[in-house]
Amino acid sequence: MTRPLRLATATLTATAALLLTSCGSDEKPSGDDDKIAGAEQGEAKKSPPPSEPAEAAAERPEIELPSDLTYKFEWAKTGDKNKDAVLADTEQYVKAVDMAIAEQDPLHKAYRFYSEGDAAAGSQKFVEEYVEYKDRITGVKRFYNARVDVTGNKTAGLVYCEDQRKAHNKSLKTGKTAEAPAPSKDDFVLYSSRLHKNEQGVWITETTTSDRGNAICQP
């Protein structure tokens, strides 16, 4: 019995617009009018604010995937350090989940490195379904139309699309690739994620929801 790839998503519980609105943008810097009263009498040179502690180098897990599974992340660098890091760590999270599927390990340390809470629990359930059917994913997974909002350099919201037309299930028992279903709007999925940056500078996915067939992702 083969498990359809297009069924492997959760239900979107909030719109992408609401997610990005709630994330907002970076805080507005203070203006010159924020001076302390009475400081006219020879202001002393202010001490610089204490710098944030240096982030410990993260020992990231090595991602090893089957040679017949490839990715197209069609989102350019934004030029913003945090936003680009959010995209990069999300790429690793996506690949880590697929590695857990390929290795049939619902508690794989790789995806748990990049996720926690609801996202980690959802990934575990997702992998468990593939283990039950003794399947993994093959083909090409394409991601595009990404938008990132970062707040205070510590939290972020991410919305992006996936094109699953060239990604299919492959039986680990027989080695055969499942027949692709008829082309449909359900081949396109909209994802919405919330993330935070940990002490090692890694962007951790806390929640991920999806909406299959969303108009935003249609070609």
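Residues 24 or more positions apart account for 74% of the contacts in the protein chain with a separation of 6 or more, a contact being heavy atoms within 4.5 Å. Before you start: this is a predicted model, where local features need pLDDT of at least 70, side-chain atom pairs count only at pLDDT 80 or more, and totals for chains, interfaces and linings use all residues. Numbering runs from 1 along each chain as its sequence is written, and side-chain values use heavy atoms, with hydrogens and water left out.

**Exercise 1.** List the helices and strands of the protein chain in sequence order.

*Solution.* Start with the count: the protein chain has four helices and six strands. Helices (H or I, at least four residues) and strands (E, at least two) are DSSP runs, numbered from the N terminus. Now read along the sequence, and you get α-β-α-α-α-β-β-β-β-β.

**Exercise 2.** Describe how helix 2 packs against helix 4.

*Solution.* Step one is geometry. Two packed helices are described by the angle between their axes and the distance between the axes. Here helix 2 (residues 81-102) and helix 4 (residues 117-133) pack at about 35°, with axes 9 Å apart. Those axes are lines fitted to C-alpha atoms over the stretch in contact, and angles run from 0 to 180 degrees between N-to-C directions.

Step two is the residues. Helix 2 brings Tyr93, Val97, Ala100 and Ile101, while helix 4 brings Ala119, Ala120, Ser123, Phe126, Val127 and Tyr130.

**Exercise 3.** Where does Ser115 sit, and what is it in contact with?

*Solution.* First, find Ser115 in the loop between helix 3 (109-113) and helix 4. Next, check accessibility: Ser115 counts as buried because its relative accessibility is 5%, and buried means under 20% relative accessible area. Then look at its side chain, which reaches the backbone oxygen of Tyr111 at 2.7 Å. Finally, leaving aside neighbours within four places in sequence, Ser115 is in contact with Tyr93, Ala120, Ile204 and Thr205.

Technical notes. Buried < 20%, exposed > 50% of the residue type's maximum accessible area, 1.4 Å probe, protein only. Polar contact = N/O pair within 3.5 Å; in protein donor to acceptor, adjacent residues only side chain to side chain.
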